[in-house]
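Subject: Structure handover

Hi,

Here is the structure I promised to pass on. My notes on charge pairs and nonpolar cores follow below.

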Amino acid sequence: MEKKILAATLYIKDGVPVKSPEDFSPAGDLKFLAKRYNDGGIDKIFVFDLSDGDAEHEKNIHTIRELNRLTEIPTCGGGNVRRLEDIKKLLYAGCKQILVNGSKPYCFALVDEASSRFGHEKILVSVKNIDFVFKHKEVIKEKIHEMLVMEPKMLDSVENLTDTQYVALCEENDLDAMLAVLKREHSRGIYGQFLNDAEVNAMELKSMLSSRGIKMDNFDPALKWSDFKLNKDGMVPVIAQDYRTGEVLMLAYMNEEAFYKTITTGKMTYFSRSRGELWVKGETSGNIQYVKVLTADCDHDTILAKVSQVGVACHTGAYSCFHNEIVHKEYMERNPLKVFEDEYAIIKDRKIHPKEGSYTNYLFDKGLDKILKKVGEEATEIVIAAKNPDAEEIKYEAADFLYHLMVLMVEKGLTWEDITSELSQR
């Protein structure tokens, strides 16, 4: 049985998130919203471009591209999708699927063309009345992957007419109302304004739905608390680590209640030995740790938690609690990701703080055309070196190319995370 989803909706007006198509007041910072949805248990984001003209449309596409750089969950782009070019732009901006407005006269001509060009699994259509489904049920079956049903009263009729899956509007944060939709045979999931609210914990909601028989993408632990070897206080030490960088953030302890609350809510919860009580990391400071992976060691007496850290982990204001160096032996960094990040940081610093005699600053001073010329020259050098039987020459030329590529990346405002995110989406 396929897992059901909880979907958030995000509306973009003049390049910034707004509350709704009717209310253009700000909905909050894009990075904050993206992180909350990405780490908090939301499975999919429907993002709508509310632009009035071509200039604003381009601005909103840029914001949607930025959203997709910040999230790891799939997005479905909609709003002002009138032409094949609009679909192409949203796909190139990182959206996994595109939502076409079923109430528009151009809908099915566009759906037919887009489905043939990009594949029907990428095409969704929004539905507001049952006549639409009745009149076009054959096209829906052949050309559309899913529907976004925007009127809950339609669901009985929808299921009588088509077996195409749908995500349906759920208007209130009511468990019985959600269950009524999610238990339907062709229901793929639900969306609703309440799922956008910061007060709603999507992971906790999915745990509740799961306990009522709905298959959700929530944590199902392979180990029970009874499988752990506890210390004399009846607890297990937990090492928290940044899931992206691998940096160790902190050490704390869990009791049984903290362990199961962590799994249920998706937020790291510990037991404070000094206060004698549970504490959700970041509950007062906002520096929440969202769970990505929990792993037990070989003796089942320690937990390694890979987390997405909001803000800083340490009460001193340092990102990691482990910042008091005791000894340090110099060594050559060989971790490829770390080498790229360190070299990129040096190049970026040169642009911000120019250094006399620096070749990097010479390139920045000469401008984009000079940088592009060097990138092209170094790429050609790799091709020439590859014809040489000695592979060592390729190593040197590839290093030169990557350096000049990083200069170009800094000049254009791209990071290695942008590049790796794009690669991971392919």
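How many salt bridges does a search of the whole structure find? The search gives 30. Please keep in mind that this is a predicted model.

**Charge pairs**

Start with helix H3, residues 84-92. Lysine 88 and glutamate 85 form a salt bridge through their side chains, at 3.6 Å from N to O. Glutamate 85 is partly exposed, at 37% relative accessible area.

Helix H11, residues 336-352, holds another pair. Here aspartate 342 bridges to lysine 338, and their closest N and O atoms are 3.1 Å apart. The spacing is four residues, again about one turn of the helix. Both partners are partly exposed: aspartate 342 has a relative accessible area of 33%, and lysine 338 comes out at 35%.

Then there is aspartate 233 with lysine 232. Their closest N and O atoms lie 3.8 Å apart. That passes as a salt bridge because the cut-off is 4 Å. Are the two partners buried or exposed? Lysine 232 is exposed, with 80% relative accessibility. Aspartate 233 is partly exposed, at 45%.

Salt bridges also link up into a network. Its members are Lys35, Asp39, Glu72, Arg244, Lys292 and Glu417.

As background, oppositely charged side chains can pair when their charged atoms come close.

**Nonpolar cores**

Now the nonpolar side. In soluble globular proteins, nonpolar side chains tend to be buried together.

The largest nonpolar core has 58 residues. Which of them touch the most other members? They are Leu10, Met147, Ile190 and Leu209. Helix H4, residues 107-118, supplies the largest share of this core, with six residues.

A second core is separate and has 19 residues. Among them are Val236, Val238, Ala252 and Ala258.

Back to isoleucine 190 for its contacts. Leave out residues up to four places away in sequence, and isoleucine 190 touches Ile5, Leu6, Ala7, Val167, Ala168, Cys170, Met178, Val181, Leu182 and Leu195.

**Where to look**

For the largest core, centre the view on Ile190, one of the residues that touch the most other members.

Best wishes

Definitions and conventions. Residues numbered from 1 in each chain as written. Predicted model: local features only at pLDDT ≥ 70, side-chain atom pairs only at ≥ 80, totals over all residues. Heavy atoms only, no water. Helix = DSSP H or I, 4+ residues; strand = E, 2+ residues; numbered from the N terminus. Buried < 20%, exposed > 50% of the residue type's maximum accessible area, 1.4 Å probe, protein only. Core = buried A, V, L, I, M, F, W, Y, C linked by side-chain atoms within 4.5 Å. Contact = heavy atoms within 4.5 Å.
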